[in-house]
Amino acid sequence: STSTSTSTSTSTTNHPPTILGLDPSINMINVGKQKISQKQLSHLITLDIGDARNLANLPTNTYHAVTMSFGIRNVPERSQVLCEIHRVLLLDHHHNNHNHHNHHNHNNHNNHNHH
């Protein structure tokens, strides 16, 4: 499994969402690519080497969803990871995402500088 996966889709088309999976381990990427190929999902899922603490190669305000499962427990810089995830998330004001933003600010994350 990948440590961080991001997905994006456009609401103006009927295309299914695409998924980008990131992991710092080439071995995990290769295992994932085999599974994706076996399930014939290569047209929807891309896997690449990546570090959730630094998603500089991903554009800001782009992805509809970002998930990170158990990999977060292995990262001492959790605030840095959460700020990077927040940075790449699409700020879609049409879908009432301000509740997520208020929740994020309410949790007293004073150590992040993602702007």
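Colleague: Quick one on Glu-84: does it count as buried or exposed?

Modeller: Buried. This is a predicted model, and in it Glu-84 has 13% relative accessibility. The cut-off for buried is under 20%, so Glu-84 counts as buried.

Colleague: OK, and which helix is Glu-84 in?

Modeller: Glu-84 is part of helix α2, which covers 78-88.

Colleague: What does the side chain of Glu-84 make a polar contact with?

Modeller: With the side chain of Arg-87, at 3.2 Å. A polar atom of the Glu-84 side chain also lies 2.5 Å from the backbone nitrogen of Leu-55.

Colleague: And which residues does Glu-84 touch, leaving out those up to four places away in sequence?

Modeller: Ala-52, Arg-53, Asn-54, Leu-55 and Ala-56.

Colleague: Switching to the nonpolar side. How many residues are in the largest core?

Modeller: That core has 13 residues. Leu-58, Tyr-63, Val-66, Val-81 and Val-88 have the most contacts inside it. Both β2 (18-23) and α2 supply at least two of its residues, and α2 gives the most, with three.

Colleague: What lies apart from that core?

Modeller: Another core, of five residues, including Ile-29, Leu-44, Ile-45 and Leu-47.

Colleague: Back to β2, then. How many bridges join it to β3, and do the two run parallel or antiparallel?

Modeller: Five bridges, and the strands run parallel; β3 is residues 45-49. As one example of who faces whom, Leu-22 stands opposite Asp-48 in β3.

Colleague: What unit do those two strands make with helix α1?

Modeller: A right-handed β-α-β unit, with α1 at residues 26-38.

Notes
Residues are numbered from 1 along each chain as its sequence is written. This is a predicted model: local features need pLDDT of at least 70, side-chain atom pairs count only at pLDDT 80 or more; totals for chains, interfaces and linings use all residues. Side-chain values use heavy atoms; hydrogens and water are left out. A nonpolar core is a set of buried Ala, Val, Leu, Ile, Met, Phe, Trp, Tyr and Cys residues joined through side-chain atoms within 4.5 Å. Buried means under 20% relative accessible area, exposed over 50%, partly exposed in between (1.4 Å probe, protein chains only). Helices (H or I, at least four residues) and strands (E, at least two) are DSSP runs, numbered from the N terminus. A polar contact is a pair of N or O atoms within 3.5 Å; within protein, one must be able to donate a hydrogen and the other to accept it, and residues adjacent in sequence count only if both atoms are side-chain atoms. Contact means heavy atoms within 4.5 Å. Two strands pair if DSSP finds at least two bridges between them. A crossover is right-handed if, with the strands pointing away from the viewer, the path from the first strand over the helix to the second runs clockwise.
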